[in-house]
Amino acid sequence: KKPSENLNIKLVAQVRGLCPICSDRLISDKAGKSNKSYDIAHIYPLNPSDEEIELLKGEERLSADVNHDDNLIPLCPSCHRKFDNPRIVDDYRELVRLKHQAKMRD
C-alpha cells in the first residue's frame, strides 16, 4: 500500500524535512520546482525473510501493522538502501529510536 500524499507530508514533517540518518534534505528544489528526494521506509520490514524474523525477534515493534504510520519513516534513497541491505539489529534499534524522537516533536 502506497502512503497517501497527506501521510507523506505528515511523515516528512515529523523528521523536519531531513533524512533522520544523514540529515540530507528530503525535498530538493530544482529549477523552481520542489522534488521528492526520499523513500518511505518500513522500520520493521514489510515482508520479512525468515532470517529477519529471527534477527528481530524480541525487538520493539512500533505497530503490529507494518503499514501503520508508526512503522514508517522517510529516508533518503541511499540511507534506505543501507538500512535494508543487510538489515542489522543495531540499525533497526537506531531507526526505532529516531522514530520515537520524531514522534515526540509531532
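Visitor: Which residues does Y92 touch, not counting residues up to four places away in sequence?
Guide: The model is predicted: local features need pLDDT of at least 70, side-chain atom pairs count only at pLDDT 80 or more, and totals for chains, interfaces and linings use all residues. Residues are numbered from 1 along each chain as its sequence is written, and side-chain values use heavy atoms, with hydrogens and water left out. Contact is taken as heavy atoms within 4.5 Å. Beyond four places in sequence, Y92 touches I43, Y44, L56, E59, E60, R61 and F83.

Visitor: What kind of ring pair do Y44 and Y92 form?
Guide: Rings of Phe, Tyr and Trp (its six-membered ring) pair if their centres lie within 6.5 Å; planes under 30 degrees apart are stacked, over 60 edge-to-face, and the rest tilted. The count by this rule is one aromatic pair. The ring centres of Y44 and Y92 are 6.4 Å apart and their planes stand at 80 degrees, so the pair is edge-to-face.

Visitor: How many residues apart in sequence are the parts that this pair ties together?
Guide: Helices (H or I, at least four residues) and strands (E, at least two) are DSSP runs, numbered from the N terminus. Y44 is in the loop between β3 and α2 (50-55), while Y92 is in helix α4 (residues 89-105). The pair therefore ties together parts whose separation in sequence, in residues, is 48.

Visitor: Which residue has its charged end over the ring of Y44?
Guide: A charge sits over a ring if NZ of Lys or CZ of Arg is within 6 Å of the ring centre and within 35 degrees of the ring normal. For Y44, the charged end lies 3.7 Å from the ring centre and belongs to R61.

Visitor: How many disulfides does the structure hold?
Guide: A disulfide is a pair of cysteine sulfur atoms within 2.5 Å. The sulfur of C79 is 3.5 Å from its closest cysteine sulfur, in C76, which is too far for a bond. C76 is buried at 6% relative accessible area, and C79 is buried at 7%. The number of disulfides is zero.

Visitor: Which side chain makes a polar contact with the side chain of H42?
Guide: A polar contact is a pair of N or O atoms within 3.5 Å; within protein, one must be able to donate a hydrogen and the other to accept it, and residues adjacent in sequence count only if both atoms are side-chain atoms. H42 lies in strand β3 (residues 39-42) and is buried, at 16% relative accessibility. Its side chain has a polar contact of 2.9 Å with that of N67.

Visitor: Is S28 buried or partly exposed, and which side chain does its own side chain contact?
Guide: S28 is in strand β1 (residues 27-30). Its relative accessible area is 28%, so S28 is partly exposed. At 3.1 Å, the polar contact of its side chain is with the side chain of S37.

Notes:
Buried < 20%, exposed > 50% of the residue type's maximum accessible area, 1.4 Å probe, protein only.
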